[in-house]
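Open the structure in your viewer and keep the selection panel at hand. The tour below tells you what to select at each stop and what you will find there.

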Amino acid sequence: MLKFFKRDSGSTPPVSPSPRSGEGAGGRGNLRVGIPRVLNVWNTHQFWIGFLTALGIKPENIVFSSETSEEQGREFGKGRGTVDCCYPVKCMSGHYGELVFSKRKKVNIVLSPMIHDLPSFMQGHVQGTLSCPRVMAGPETIKSGFLKERDIFKENNIVYATPFVSLGEHPKVVTTQLFGALKDTFNLTHAETEKAVDSGFKTLRRFNERARAESRAILERAWRENKPVVMVLARPYHMDSGIGHEIEVELQSQGYAILWLQYFPIDEDIMDWLFGDEIASGYLKSPFDISNIWTSSYSSNTNEILWGANVAAHVPNITCVIRLSSYECGMDQPTYTPTQKTVEASGTLFFKFGDLDSTKPAGGIKIRIETIVHYLRKYSDEIIAKKAARLTRPAPQGWGERPLATHQTENPVPSRSAVTG
Ligand code: SF4
């Protein structure tokens, strides 16, 4: 079982810490580093764990703030808000405050990276893999709430480190950036930074591979048993229970397997099964080509969401897509129509939860979940059969023949407008 925000012993390569990282005075072995569990830390946390442990920081001394909650914002972020309309960015104040003021684990350093661009499986197939501009600037915006009257970091003997880093670039670029930004904070040499960056990328890659392997197993089981799966199209931080409000957890508790697009298996056999015909015909250049539905493909999380819509439209067992977004986000606005059209054109059910913010509309979510479950029960068999019939290439070896529907529903799949939230 994969553990987010923990050092994953099954996936982390052994690392020899730097000789400068000992337990002695000034050694890094005793440093405690706090990282706010926000924004693109959700999809890069394993990089930071690999990077810091390679520098000799003990895994137990890498402290991530809790998931977002109203209590966290009230207790630790109150009075430190900054002007930003983006809800996931606003929440950062509570995370910073928790790391600074919490007595539970006193940290020496708050590390809040300004992530300019991201490593993505879509690199080379899209125009770019940039972060949302608000994500990039978030640490600069939020820190001002902790500096406006006096330096709260200094007052608490905390070093605030906010390296600007292009994680989508070559490791040499990342090394230069992190060495430049963190050499004084961690007393680094260039050589050990290079080694730590390498360890960070390896740790992240292995974690992602393991997560995809688990998703593959879910998909294979669904295919064999002719069961429906629900795909979530959202940004990585919607996995945070205070941002995404655990909508997918509600569906899972109703017995439906959930796949997040970020960890969908990208093995060659699955990609050939799903996209082989379109590539052979020249309609797509590769399994990760989204130019048929999205032309300005420079934003990493946006690209992946659009790709996820393409995938959901093709996979027979994905009978329903849940689209999450926050606060009428401007980055997400133009993606609503292409994702919905792509998914629905395949006959797959599509439900959108937009405008998610601090309030968890528990009653409203419950009613929506009941509606979704109703449609899943009623139409999944038919959707699986129709989508499977469209695929001409064999399923991955060992998965077995196309399963027959357990029963045929009498009603046709409802019109789009009837099921779209
Ligand atoms: S994508 Fe939207 S919700 Fe997410 S950080 Fe950027 S502006 Fe905020």
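Begin with helices H2 and H4, where H2 passes H4 in a left-handed crossing; a crossing is called left-handed if the near helix is turned anticlockwise from the far one by less than a right angle, and right-handed if clockwise. Helices (H or I, at least four residues) and strands (E, at least two) are DSSP runs, numbered from the N terminus.

Before going on, note that this is a predicted model, in which local features need pLDDT of at least 70 and side-chain atom pairs count only at pLDDT 80 or more, while totals for chains, interfaces and linings use all residues. Residues are numbered from 1 along each chain as its sequence is written.

Now select residues 70-77 for H2 and residues 92-101 for H4, which pack at an angle of about 60° with their axes 8 Å apart; the axes are lines fitted to C-alpha atoms, for helices over the stretch in contact, and angles run from 0 to 180 degrees between N-to-C directions. H2 is therefore oblique to H4, given that angles under 35 degrees count as roughly parallel, over 145 as roughly antiparallel, 65 to 115 as roughly perpendicular and the rest as oblique.

To see the contact itself, show Gln-72, Gly-73, Phe-76 and Gly-77 of H2 together with Ser-93, Gly-94, Gly-97, Glu-98 and Phe-101 of H4; two residues are in contact if their C-beta atoms, placed from the backbone, lie within 7 Å. By class, this contact has two nonpolar, six polar and one charged residues, where Ala, Val, Leu, Ile, Met, Phe, Trp, Tyr, Cys and Pro count as nonpolar, Asp, Glu, Lys and Arg as charged, and the others, Gly among them, as polar.

Next, select helix H1 (residues 45-54) and helix H8 (residues 190-225), whose axes come within 7 Å and cross at roughly 140°. H1 and H8 are therefore oblique to each other, and H1 passes H8 in a right-handed crossing. Among the residues that make this contact are Phe-47, Trp-48 and Phe-51 of H1, and Val-197, Phe-201 and Leu-204 of H8.

Finally, zoom out and colour domain 1 (19-207) and domain 2 (227-419) separately, with bounds that come from an automatic or database domain assignment. Their C-alpha centres lie 31 Å apart, and the contact takes 27 residues from domain 1 and 27 residues from domain 2. With the whole protein in view, you can look over its 15 helices and ten strands, and its C-alpha trace, which spans about 70 × 45 × 35 Å along its principal axes.
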